[in-house]
Structures are given as C-alpha cells and as structure tokens.
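Subject: Structure handover and notes

Dear colleague,

Here is the structure I promised to pass on, with the sequence alongside.

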Amino acid sequence: MLFSAFPGPGFYPAAFFALVPLWLPLDRLSSKQAFYAGIGTGISFYLPLIYWICPTLTQYGGLNLLAALSCLLLLVLYLALYTGVFALAMKKSPVPEGLVPFWGAVAWVALEYIRTYLFSGFPWGVLGYSQYPNLVLIQAADTFGVLGISFLLVLANGILVIAFKSFSRRAWPGKTNMAGLSLAMAVLCSAFIYGHFKLAQVRGQIKGAPSRKISVIQANIPQDRKWDRAFINETIDQYSRLSFQAIPCDLVVWPETALPFYYGMDPVPSNRVDAMVRKAGTFFLIGIPAARPSDHGFLYYNRACMLTPLALPKGYYDKHHLVPFGEYVPYKRLLWFAEKLTAGAGDFSKGETGPVPLKFGTGTTGVLICFEILFPRISRDFVLNGADILTTMTNDAWFGRTQAALQHFSIAVFRAVENRRSVVRAANTGISGFVDPSGTILGETDIFTACALTREVPVISGKTFYTRNGDVAAKACLVAFFLVCMVKFMKKKFRRSL
C-alpha cells in the first residue's frame with residue numbers, strides 16, 4: 001500500500017491509510033515481533049520502489065547479477081530498519097492514546113530526517129513525496145517542507161488507527177483522548193484549508209509575475225554510446241538541431257554531462273559548440289565533465305557551465321553532493337573493490353564553490369545536478385543567495401524504462417513549492433519539464449524521446465518561511481523523539497534499580 005502511493009502505481013491517497021495495517025496490531029505483538037513487522041513492511045515497500053538499482057548496477061556498474069542483488073538487498077534492509085524502529089516506537093508509545101497520532105508523526109519525521117542526512121543521505125521514498133499531485137495539501141511545504149507533508153500523512157494514519165480501535169471496543173475514547181484526536185483532526189483540516197487559500201494566492205501572484213522563456217533539450221543519447229568518442233560529432237549535431245528548434249528564448253538548458261568531452265580542453269568539438277551557441281545568439285546552460293590538474297594528478301568535476309550568446313563562459317557550478325558508489329567511492333582504501341562501480345560515471349571530486357546562482361541576461365538560476373534535487377537544503381541555499389528560478393539537470397538513462405525517472409521528476413515539485421520558485425528540469429532521456437511555484441507541472445516530456453520543450457516560467461520574488469528557516473519543524477520532531485525515548489529509558493532503568 002505504501003508503494004502504491006508513489007509514482008508508478010500513483011494512487012497517492014493510499015498514503016493516508018497505508019500504515020494502518022502495520023500500526024493497528026502492534027498492541028498484540030511483543031517488542032521483537034513489532035520490530036520485525038516494521039522490517040517486513042519496509043522491505044515490501046522499498047524493494048519494489050528502488051528495484052531499478054539492480055539492473056543499473058549490472059548494466060553500467062559492471063557487477064554480476066548476484067552482486068547487484070546483494071547491493072540492492074543491503075540497501076533495502078538498511079532503509080527497512082527505519083520502519084522497524086518506527087514500529088517499535090509505536091509499540092512502546094509513551095503518550096496517552098489520544099496523542100498517539102502525534103507521537104507517530106513525530107517519530108516518523110524524526111527518522112526520515114535522519115535518513116535524509118545520515119551516511120551522505122538517501123531520502124528517496126520520503127512519504128511526503130507521494131503527494132506531488134495533491135496540490136492543495138502540498139502547499140504547506142512552503143512552511144514545513146516535504147517532511148511536514150510526511151507528518152500530516154502519518155497523523156492521518158494515526159487518527160484511523162485510534163478510530164478502528166475505538167470501533168472494535170465499541171466505545172468512544174475518553175475526554176482526554178477525544179481532545180487529542182480532535183486536535184489531530186483540526187491540524188489535518190487546517191493544512192487543507194491553508195492549501196486551498198494559498199494555492200489561489202500563489203496562482204494570483206503567478207498571473208502578475210514577470211516570466212522567462214526557457215527551453216530544455218532532451219537529446220535522448222543512449223547511455224552505451226554516450227562516452228564513445230566516435231559519436232561526439234553526432235551528439236553535438238543532435239543537441240544543435242534541437243536547440244535551433246527551441247530559439248528564440250532567454251535560456252537553453254542541456255542535461256547533465258551533455259557533452260561527452262572536456263569542454264575547453266578538447267579544442268575541435270569545443271569550437272563546434274561555441275560556433276553553434278554564437279549562431280543561436282542566446283544563453284546556454286550546459287552540463288559538462290570538467291578537469292583540473294592537482295598535486296595528485298587530475299581532479300574531475302560534474303559541472304554546469306553558463307555560456308553567453310558570444311559563447312563566453314559566464315560562470316559554472318560543480319556538483320557538491322555526489323552520489324556514493326555512483327560518482328565516487330567513500331573510504332577508498334577500505335572499499336577498493338567497489339571502485340569499478342564508478343567506471344561508467346567517473347570518479348568525481350566535490351565542488352569547491354558554494355551554491356552561487358548563475359546569471360543569464362536579467363535572470364539568475366540555481367543549478368542542482370541530478371541527485372542534488374533530493375536535498376532541500378541545497379535548493380534553499382541557492383534561493384537565499386539570489387536565485388529567481390531553479391534548474392535541475394540529470395541523466396536518468398541509467399534507470400532504463402523503470403519508474404525511477406518519474407519518481408525523480410516528482411521530487412522537483414516540492415523544491416518548487418518549498419521555495420516558491422519555478423523549477424526547470426532537463427534530462428538526457430527524460431523526464432524533462434517545468435514546474436511553477438504552486439507545484440503545477442507546466443509541461444513534461446515522454447521518456448526516451450528526442451525533443452525540445454519551451455515554456456514561459458513565472459518568476460516570483462520573496463522568500464518563504466521554509467526557505468529562511470529550513471527543516472526547523474523536522475529538527476523539533478527529532479529532538480522531541482530522542483528526549484521522549486531518553487526519558488522512557490531512564491524511567492525504566494530507575495524502576496529496575498528499585
């Protein structure tokens with residue numbers, strides 16, 4: 001049921017009740033059984049959600065099927081630990097029954113916050129992301145972020161759990177419990193009311209806002225030919241042809257590592273790109289691999305480069321948050337055997353510059369490269385530094401015809417709402433598209449098609465509460481979760497000592 005709420009199956013209302021089958025019977029289980037039930041739930045959720053990791057590792061990571069399956073299962077088991085801890089926390093609930101929905105929401109959000117940043121972070125499958133089509137509910141993300149939407153969903157599940165228990169007992173909850181339940185329902189209803197009015201307000205702002213005409217180029221270069229030098233000219237021709245279809249516009253965006261060579265260092269193909277840009281006569285934002293010499297050889301970067309209409313580099317951004325085992329191997333001396341996983345993507349270094357927006361004409365854009373769109377903090381930093389739109393470039397060809405591309409695209413909706421900025425997305429094989437500051441998808445492409453897509457994207461100024469303050473609510477949940485667990489542990493220890 002959890003999996004069915006996410007892109008692919010796409011039945012997003014399931015997230016409002018998907019945790020009930022796990023949560024409801026926990027009272028009748030031992031602590032050990034509750035933990036295992038949570039683990040089982042996590043496995044059945046994450047395995048179909050991220051199964052695409054397995055074919056990616058076999059086809060492009062150089063692993064055999066057994067090794068790839070082992071990597072997938074290890075990751076799934078790690079993620080399932082969080083649902084196991086959640087189930088254990090609900091089994092040992094330290095609050096009155098009426099406050100159980102709040103305790104569940106606090107525990108879930110605390111665990112999702114930990115998962116977002118622990119061990120470099122893997123926030124794929126955060127519950128709130130399932131609601132990207134639910135425009136009314138997700139408006140609250142401009143205050144509490146995507147984790148705030150997770151909080152509301154778990155709160156709804158908790159209300160249903162208490163309602164089912166009361167029905168099975170054929171007795172209404174007591175006054176204290178009823179007050180807690182009423183408060184939970186009031187919070188949930190308030191989020192929908194806020195969303196209804198906020199959505200209308202933001203759409204009104206969009207109508208009166210200035211706009212930028214931006215084109216995204218989806219060249220659909222096959223991954224197995226992308227780095228073959230024999231196809232460099234063909235790749236440039238494909239991007240050039242599609243770019244000329246897109247102009248006139250203020251900015252043309254190519255995907256992550258669109259150029260399969262070191263732009264500026266490899267003169268012949270670089271000159272061809274420069275001639276095309278000058279002929280087009282507009283700004284280009286291009287994904288490129290980059291290199292610079294160091295004391296230990298060359299350092300390689302996953303870069304986004306802004307070119308002026310005269311093909312002069314105006315600025316660049318090097319990817320800051322790299323994908324472990326995809327773009328670099330952590331703890332190389334210890335995990336030397338894993339280096340071949342980066343063979344298809346390259347062993348990149350972390351960008352040395354911060355989240356500085358790139359200028360084009362009168363506009364500025366913050367650039368998030370691939371995996372970085374999962375981390376709200378990076379988008380916030382770009383907006384705080386002056387970005388009036390956000391651009392994300394990626395190469396999802398790694399994932400083939402799986403639901404991974406749609407899952408990845410849906411995440412951009414929340415970065416738009418959280419910061420009230422339009423998001424432009426360019427992907428090599430799709431999905432490319434545009435999201436306005438209300439979270440409405442203005443246009444999107446099909447996967448594995450070559451095309452250019454152009455839209456007028458609205459530009460809204462100002463900074464939201466979430467942009468200014470980040471995940472303060474999620475951090476409060478984390479602190480509350482640990483404090484309650486600590487108090488409960490100390491009480492138990494004290495009783496034993498007596």
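Contact, as the word is used below, means heavy atoms within 4.5 Å. Please bear in mind throughout that this is a predicted model.

With that term in hand, helix α13 (residues 404-419) can be described as lying across β8, β9 (422-427), β10 (433-435) and β11, and its direction is at about 160 degrees to β9. Those strands belong to an open sheet of 6 strands with mixed pairing, in the order β6-β7-β8-β9-β10-β11. The edges are taken by β6 (358-360) and β11 (441-444), each of which has a single partner strand, so that one side of each is left without a neighbour in the sheet. On average, neighbouring strands of this sheet are turned by 25 degrees against each other, direction ignored.

After α12 comes Gly386, which has a positive phi near 110 degrees.

Elsewhere in the chain, helix α4 (residues 65-91) packs against helix α5 (residues 100-117) at an angle of about 155 degrees, and their axes are 10 Å apart. That angle makes α4 roughly antiparallel to α5, the cut-off for this description being over 145 degrees. The crossing of α4 past α5 is right-handed. On the α4 side the contact is made by Leu79, Tyr82, Thr83, Val85, Phe86, Ala89 and Met90, and on the α5 side by Trp103, Gly104, Ala107, Trp108, Leu111, Ile114 and Arg115. By class, the residues of this contact divide into 11 nonpolar, 2 polar and 1 charged.

Some details of the backbone also deserve a look. The peptide bond from Ile247 to Pro248 is cis, with omega near 10 degrees, and Pro248 sits in the loop between α10 (232-246) and β2 (251-253). Another cis peptide bond, from Gly430 to Ile431, likewise has omega near 10 degrees, and here Ile431 belongs to the loop between β9 and β10, two strands of the sheet described above.

Positive phi values occur in Ser120 and Arg420 as well, and neither residue is a glycine. For Ser120 the value is about 80 degrees, and the residue is found in the loop between α5 and α6 (135-138). Is Ser120 buried or partly exposed? With a relative accessible area of 22%, Ser120 is partly exposed, since buried means under 20%. Arg420 has a phi near 55 degrees and is found in the loop between α13 and β9. At 6% relative accessibility, Arg420 counts as buried.

Best regards

Methods. Residues numbered from 1 in each chain as written. Predicted model: local features only at pLDDT ≥ 70, side-chain atom pairs only at ≥ 80, totals over all residues. Heavy atoms only, no water. Pairing = 2+ DSSP bridges. Helix = DSSP H or I, 4+ residues; strand = E, 2+ residues; numbered from the N terminus. Axes fitted to C-alpha atoms, helices over the stretch in contact; angles between N-to-C directions. Parallel < 35°, antiparallel > 145°, perpendicular 65-115°, else oblique. Left-handed = near helix turned anticlockwise from the far one by under 90°. Nonpolar A, V, L, I, M, F, W, Y, C, P; charged D, E, K, R; others polar. Buried < 20%, exposed > 50% of the residue type's maximum accessible area, 1.4 Å probe, protein only.
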